[in-house]
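Dear colleague,

Please find below the structure for your files, together with its sequence. My notes on what was found in it follow directly after.

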Amino acid sequence: MVDPDLALVEAIGRCDHKAFESLVKRYQGPLLNFITRYIGDRRIAEDLAQEVFLRIYRAAPRFQARTKVSTWIFRIAYNQALTEIGRRRRHQDLREALCRRSEGGAERPPSQPAARYELEEEIAPALARLPDNQKAALLLRVNEELSYREIGEILGVSVQSVESLLFRARTSLKRYFDKT
Amino acid sequence: MNCSQIRRKLSAFMDNELDHETSSLIGPHIERCPECQEYFGKLKEMDGLVYGLPKIEPGPDFASRVVSAAMRTSAVAGDESFSFASGIKLAVTGLFEAIFSLFEPGSGPSTGALDEFSDSPPLSMSFIYFKLVDQGSRGY
């Protein structure tokens, strides 16, 4: 099956800015959603998402299609997010950032229905408590519907490890909500 | 497979990531075991909670900002490589011009500085030295 994004990346490698814009528009939503949910900070997530796209732009001429373009993109995003989390840990900001409500949840946006706000208030702390690799695996599986093989390529782990990560993430969430 | 073994596989079963043989054991078990059925339902509910989170959307100008940043990046990279290459080229050109002009006394820039040493024969050390000094002072 031909990767639908491969032609775009090849065009970007030839400095086709229209192709680059198309790729950005295709992935900006999923990327920003993943990074924001992963690091818990919308403002920084936008900067990271931009950095991911710039890295894609610079690396496009060297892309060799050994993996799907989507897997490649999310791998760069995951690495950027990990770097940010590591940086924040080193500055001992992480606990505050994870416990702090996300920017979208600190005050309910007037346009956001009450039910969705409450959902975010419920699930965000539970997600924040998950270990980084479990959280990443869960977000990639649930929101992006990636296969275990693709998730493994992004996280740099085996398929069996992905199965274990998802099992533990889901049971941890279940235990969290059973107590609350 | 007992219930404990079944439950450890429910997550992968939910994702259709199990081989056919294992899946064919789990499906019928869930149908007849209320506890495992409830456990399976809870796992699916957790996925539903995560999936139900509001999707974070970028601002309307995000794509254009990213493309502009990329174009600035490529312009800067182009300028930098041009400056580096052109600098190398200028240095090499200047070196060869200086060397070749040594063999053509009087055909290059003015040798006025050598008037005092006009009795220095071509290719003599004094001639070469003052030739280079003269060129250096003219910015060559």
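Does Phe96(B) count as buried, partly exposed or exposed, and what is its relative accessibility? Phe96(B) counts as partly exposed, because its relative accessibility is 41%, and buried would require under 20% whereas exposed would require over 50%. Please bear in mind throughout that this is a predicted model.

Surroundings of Phe96(B)

Phe96(B) is found in helix H4 of chain B, which covers residues 62-102. Together with Ile88(B), Val92(B), Leu95(B) and Ile99(B), Phe96(B) forms a nonpolar patch on the surface. The accessible area of these residues together is about 430 Å².

Chain B as a whole

Chain B contains five helices and zero strands, so the pattern read along its sequence is α-α-α-α-α. Of its 140 residues, 29% are buried. Chain B exposes about 9000 Å², and carbon and sulfur atoms supply 60% of that area. Where contacts in chain B link residues at least 6 apart in sequence, 49% of them join residues at least 24 apart.

Helix H2 of chain B

Helix H2 of chain B spans residues 20-32 and includes Leu25(B). Leu25(B) counts as partly exposed because its relative accessibility is 47%. Leaving aside residues up to four places away in sequence, Leu25(B) touches Met1(B) and Ile6(B). Between Leu25(B) and Phe96(B) there are 82 Å from C-alpha atom to C-alpha atom, and the two are 71 residues apart along the chain.

His29(B) is found in helix H2 of chain B as well. His29(B) is buried, because its relative accessible area is 9%. With residues up to four places away in sequence again not counted, His29(B) touches Cys3(B), Ile6(B) and Cys36(B).

The interface between the chains

How many residues of chain A are in contact with chain B? There are 41 such residues in chain A, and they meet 34 residues of chain B. The area buried between chain A and chain B is about 3600 Å², with 67% of it given by carbon and sulfur atoms. On the chain A side, Phe167(A), Arg170(A) and Lys174(A) lose the most area to chain B, and together they account for 17% of what that side buries.

Salt bridges

Side chains of opposite charge can pair when their charged atoms come close. The count over all chains comes to 17 salt bridges, and the count between chain A and chain B is six.

Glu46(A) takes part in two of the pairings described here: one with Arg65(B), where the closest N and O atoms are 3.2 Å apart, and one with Arg42(A), where the corresponding distance is 2.9 Å. Both Glu46(A) and Arg42(A) lie in helix H3 of chain A (residues 42-59), four residues apart, which is about one turn of the helix. Glu46(A) is buried, because its relative accessible area is 17%, whereas Arg42(A) is partly exposed at 24%. Arg42(A), Glu46(A), Asp61(B) and Arg65(B) are linked in a network of salt bridges.

Asp15(B) and Arg141(A) also meet through their side chains in a salt bridge, at 3.0 Å from N to O. Asp15(B) lies in the loop between helix H1 (3-14) and H2 of chain B, and Arg141(A) in helix H8 (residues 132-144) of chain A, so this pair joins two chains. Both Asp15(B) and Arg141(A) are buried.

Within chain A, Asp178(A) forms a salt bridge with Lys174(A), with the closest N and O atoms 2.9 Å apart. Both residues lie in helix H10 of chain A (residues 159-179), four residues apart, or about one turn of the helix. Asp178(A) counts as partly exposed because its relative accessibility is 42%, while Lys174(A) counts as buried because its value is 14%.

Confidence in chain A

Chain A averages a pLDDT of 87, and 84% of its residues score at least 70. Where in chain A is confidence lowest, and where is it highest? Confidence is lowest in helix H6 (residues 103-106), at a mean of 44, and highest in helix H9 (residues 148-155), at 97. Over residues 103-112 of chain A, pLDDT stays under 50, and the model has 16 contacts beyond four places in sequence for this stretch.

With kind regards

Technical notes:
Residues are numbered from 1 along each chain as its sequence is written. Chains are lettered from A and ligands numbered from 1 in the order in which they are written. This is a predicted model: local features need pLDDT of at least 70, side-chain atom pairs count only at pLDDT 80 or more; totals for chains, interfaces and linings use all residues. Side-chain values use heavy atoms; hydrogens and water are left out. pLDDT is the predictor's confidence in each residue, from 0 to 100. Contact means heavy atoms within 4.5 Å. Buried means under 20% relative accessible area, exposed over 50%, partly exposed in between (1.4 Å probe, protein chains only). Accessible areas come from the Shrake-Rupley method with a 1.4 Å probe; for residues, only the protein chains shown count as cover. Patches are made of residues with over 30% relative accessible area and no salt bridge: like charges are joined within 9 Å, nonpolar side chains (Val, Leu, Ile, Met, Phe, Trp, Tyr) within 5 Å. A salt bridge is a side-chain nitrogen of Lys or Arg within 4 Å of a carboxyl oxygen of Asp or Glu. Buried area is the accessible area (1.4 Å probe) that two parts lose on being put together, summed over both.
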